[in-house]
Amino acid sequence: MGAIVTVERVLARTPALVVLLPMIQAYDVGCLLNLDVVARNDAAPRGLALQLDAAFSGEESTSLHVALRYPNGLEVASGDDRDCAPPCLSWIPGGVRGDARLTLYQMPLWLFPLPPAADLLLTVEWPWARIAPTAITLDGAAITGAAARSAAHWPV
C-alpha cells in the first residue's frame, strides 16, 4: 500500500480549468503523482476530453505536459516514456466524474524509480489550454520517506 505525501497545490488556473496536485502516493519502487484537472463545464474549451486523452496516446504536442527536474539537472517529462529508460514519467489511466457544473479528470503519472531525497522542480505547461509553464518545488525527502512507510500487500 502506498504511503501518502500531501501536496495540496494548485499548479495552474485559467477561467475554465484548474490543474491540481492534491497528493503523491509513494511505493518502494516509484510513486504516483495524482494530478487532477477540474473543468467548469460552461467555460471549458471544446474538445477538452480529447486533449486529455492525447496524453495517453502520445500526442504530447497538444496535451498537458509535466516535467520533473532533478537536483543534478536531469529532466524527465511526461510523454518521453517510449524507451522506458529510467527515470520514466508515464501517464496511466485515471477517471472522470462530474455534474452539470464541474468535471474532474484524474490524470495520474507514474514516476519510476523513486526520486532522490532532495528538492525537485515540477513544471506544468499546456499551451492548448492557455497554461504557460508554471513550476513548484516538491520535497523528494518527503517522497522517499513515505516510500519507506509503504507496505507490501503480502508478507515476503
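Modeller: Start at one pair of side chains: Thr 103 and Asn 41 are joined by a polar contact of 2.7 Å. A polar contact is a pair of N or O atoms within 3.5 Å; within protein, one atom must be able to donate a hydrogen and the other to accept it, and residues adjacent in sequence count only if both atoms are side-chain atoms. The model is predicted, so local features need pLDDT of at least 70, side-chain atom pairs count only at pLDDT 80 or more, and totals for chains, interfaces and linings use all residues. Residues are numbered from 1 along each chain as its sequence is written, and side-chain values use heavy atoms, with hydrogens and water left out.

Thr 103 sits in strand E8. Strands (E, at least two residues) and helices (H or I, at least four) are DSSP runs, numbered from the N terminus. At a relative accessible area of 13%, Thr 103 is buried. Buried means under 20% relative accessible area, exposed over 50%, and partly exposed in between, with a 1.4 Å probe and protein chains only. Leaving out residues up to four places away in sequence, Thr 103 touches Val 37, Val 38, Ala 39, Asn 41, Val 96, Arg 97 and Gly 98. Contact here means heavy atoms within 4.5 Å.

Leu 104 is also placed in E8. Leu 104 and Leu 121 are 17 residues apart in sequence, yet 25 Å apart in space, C-alpha to C-alpha.

Follow E8 (102-112) to the loop between it and E9, where Pro 113 lies. The peptide bond from Phe 112 to Pro 113 is cis, with omega near -10 degrees. Most peptide bonds are trans, and most residues other than glycine have a negative phi. Arg 130 has a positive phi of about 60 degrees, although it is not a glycine. Arg 130 is in the loop between E9 and E10. Arg 130 is exposed, at a relative accessible area of 77%. Glu 8 has a phi near 50 degrees, again positive in a residue other than glycine. Glu 8 is in strand E1 and is exposed, at 64% relative accessible area.

Setting aside neighbours within four places in sequence, Leu 138 contacts Val 7, Leu 21, Ile 24, Leu 33, Leu 68, Ala 118, Asp 119, Leu 120 and Leu 122.

Next comes helix H2 (residues 140-149), where Gly 140, Ile 143, Ala 146 and Ala 147 are buried. They cover an arc of only 125 degrees around the axis, so they lie on the same side of H2. That arc is taken from the directions from the helix axis to the C-beta atoms. An α-helix has 3.6 residues a turn, so residues three or four places apart point the same way. Ala 148 and Arg 149, on the other side of H2, are exposed. The buried residues of H2 pack against strands E1 (3-13), E2 (17-26), E3 (31-40), E9 (119-126) and E10 (131-139). Asp 139 caps the N-terminal end of H2, with a side-chain oxygen 3.0 Å from the backbone nitrogen of Ala 141.

Now the whole chain. Its secondary structure comes to two helices and 10 strands. From the N terminus, the elements run β-β-β-α-β-β-β-β-β-β-β-α. The radius of gyration is 16 Å, close to the 15 Å that the globule rule gives for 156 residues, so the protein is as compact as a globular protein of that length. That radius is taken over C-alpha atoms, and the rule is 2.2 Å times the number of residues to the power 0.38. The C-alpha trace spans about 50 × 35 × 25 Å along its principal axes. Of the 156 residues, 42% count as buried. Among contacts with a separation of 6 or more, residues 24 or more positions apart account for 55%.
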